[in-house]
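Here is a short briefing to read alongside the model. Please have the sequence and the structure open as you go.

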Amino acid sequence: MLDSPHPERLVTGPLRLSRRTVLRAFVGAGAGVLLSACGGDDFDPFAESRPAATAPSAEVDEQAAVQPADQSSSQQAIVSERQETVSSEELPEPLVYILPSSVAQGETVLVVVEAPGAVSASLWWQGQSLSLLHRENRFVGFFGIDANAQVGPRALGIGVWGPDGEQLLWQETVIEVVAFDWTVDDIRIDGPNAALLDPTVRRADEEARHPHQVGQSQQLHWLGVFDPPSDGQITALYGEQRSFNGGPISEYHTGIDFGGETGSAIRAANSGVVSWAGRTRRRGNGIIVDHGAGVFTGYYHLSEVLRTPGTVVEQGALIARMGATGLATGPHLHWEVVVRGVTVNPLPWIRLLEFPDPFQDLNPAGALQSTNLARS
Ligand SMILES: [Zn+2]
């Protein structure tokens with residue numbers, strides 16, 4: 001059960017740098033220092049000229065490249081707060097890292113931009129723009145690939161802006177989403193639990209939780225790799241395609257399950273702020289922790305929830321107790337990692353799969369080859 005299916009797919013392509021590598025380099029000198037965001041969710045540098053979400057271009061075509069619109073008023077406000085002025089001509093070309101460059105369904109993608117002197121950076125992906133968090137010379141952002149995401153090439157755009165509101169970089173690249181060979185399981189549910197298979201029950205569960213795991217708080221609350229939230233054995237993996245009582249496949253397993261005894265400790269996988277605590281019929285008692293940068297963890301089927309929304313929790317803090325509430329055939333923890341609303345494979349986050357040297361610095365040779373359309 002613990003065998004990692006296709007671990008080689010987790011970091012593929014030429015950019016063999018791990019998330020942990022980057023985060024360590026990113027926050028290493030300032031443990032405990034929270035990152036401040038540049039721009040916000042209301043700042044949309046791609047407004048008016050954003051490419052259609054349904055027709056991502058698989059080709060990087062400089063002639064056809066979409067240029068983001070001129071700077072918005074909010075961007076101008078950000079610029080005006082800056083005291084020093086540096087000519088963009090003096091600034092080095094920003095370096096962009098995509099980790100990994102080729103991803104399997106269910107994985108998390110990390111984008112890092114090294115851009116000394118720049119004041120904001122955003123990425124465009126699947127019709128959405130995301131402001132990257134900024135600290136010193138780096139900008140960082142995450143996004144998730146759904147377990148059932150369509151495979152094939154997807155366009156990714158990255159924009160960087162300088163102190164005078166000028167665009168320093170507009171770069172487009174392609175991320176290859178490859179298929180993951182998920183297992184298929186038929187789950188037997190009977191008795192009172194069978195009523196919880198009703199799609200309306202599932203929808204109500206999603207609607208209760210979704211608003212609390214889609215935003216991007218303007219800070220990065222965690223440092224380093226996440227810890228497993230339970231001492232129990234993993235009993236079910238992420239991505240498993242599920243049918244119930246012999247029916248068609250109706251959903252995939254959105255997290256990993258830890259077995260154990262009712263009442264056993266459930267701990268925060270990493271530091272963050274509780275964004276939701278409550279109960280739904282499907283998930284039973286649950287709690288969601290916002291780790292910042294659009295990354296959330298969710299804990300479900302709990303017998304007891306010990307923290308309330310708004311509470312700051314440290315990594316390893318006792319936040320709940322294992323149970324079998326909701327749609328559960330026995331006591332276990334259903335644990336999810338959610339990146340901007342997309343449930344991703346939690347295993348890479350808790351280091352159960354092999355990563356490259358975690359202490360490696362980013363090597364400029366690993367950066368994307370420049371296709372800086374802003375300067376061309
Ligand atoms: Zn589960």
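For residues 354–360, how many contacts beyond four places in sequence does the model have? The model has 15 such contacts for residues 354–360, where pLDDT stays under 50; pLDDT is the predictor's confidence in each residue, from 0 to 100, and two residues are in contact if their C-beta atoms, placed from the backbone, lie within 7 Å. This is a predicted model, in which local features need pLDDT of at least 70, side-chain atom pairs count only at pLDDT 80 or more, and totals for chains, interfaces and linings use all residues. Residues are numbered from 1 along each chain as its sequence is written.

**Confidence**

- The mean pLDDT of the protein is 75, and 71% of its residues reach 70 or more.
- Residues 1–84 also have pLDDT under 50, and the model has 163 contacts beyond four places in sequence for them.
- Where pLDDT is low, the predicted coordinates should not be read in detail.

**Overall make-up**

- The protein has 3 helices and 24 strands; helices (H or I, at least four residues) and strands (E, at least two) are DSSP runs, numbered from the N terminus.
- Of the 376 residues, 46% are buried, where buried means that 20 or more other C-beta atoms lie within 10 Å of a residue's own, with C-beta atoms placed from the backbone.
- Among contacts between residues at least 6 apart in sequence, 74% join residues at least 24 apart.

- Beyond its neighbours within four places in sequence, Ile287 is in contact with residues including Trp276, Tyr299, Leu302 and Ile319.

**Phenylalanine 139**

- Phe139 lies in strand S8 (residues 138–144).
- Phe139 is buried, because 30 other C-beta atoms lie within 10 Å.
- Leaving aside neighbours within four places in sequence, Phe139 is in contact with Val113, Ala115, Ala121, Leu132, Leu133 and His134.
- Glu114 is 25 residues from Phe139 in sequence and 6.5 Å from it in space, C-alpha to C-alpha.

**Sheets and strand pairs**

- Three strands form an open sheet in the order S11-S13-S14, with mixed pairing; two strands pair if DSSP finds at least two bridges between them.
- Strand S11 (184–187) and strand S14 (249–252) are at the edges with a single partner strand each, so one side of each is left without a neighbour in the sheet.
- Strand S13 (residues 241–244) pairs with S14 in the antiparallel sense over 3 bridges, and Arg242 has Glu251 in S14 as its bridge partner.
- Another open sheet has 3 strands in the order S16-S22-S20, with antiparallel pairing; its edge strands are S16 (265–267) and S20 (304–305), each pairing on one side only.
- Strands S16 and S22 (residues 318–321) share 3 bridges in the antiparallel sense, and Ala265 stands opposite Arg321 in S22.
- Strand S15 (residues 256–259) pairs in the antiparallel sense with strand S12 (residues 234–236) over 2 bridges, and with strand S23 (residues 332–339), also antiparallel, over 4 bridges.
- Ala236 has Asp257 in S15 as its bridge partner, while Phe258 stands opposite Leu333 in S23.

Technical notes:
Buried ≥ 20, exposed ≤ 12 C-beta atoms within 10 Å, placed from the backbone.
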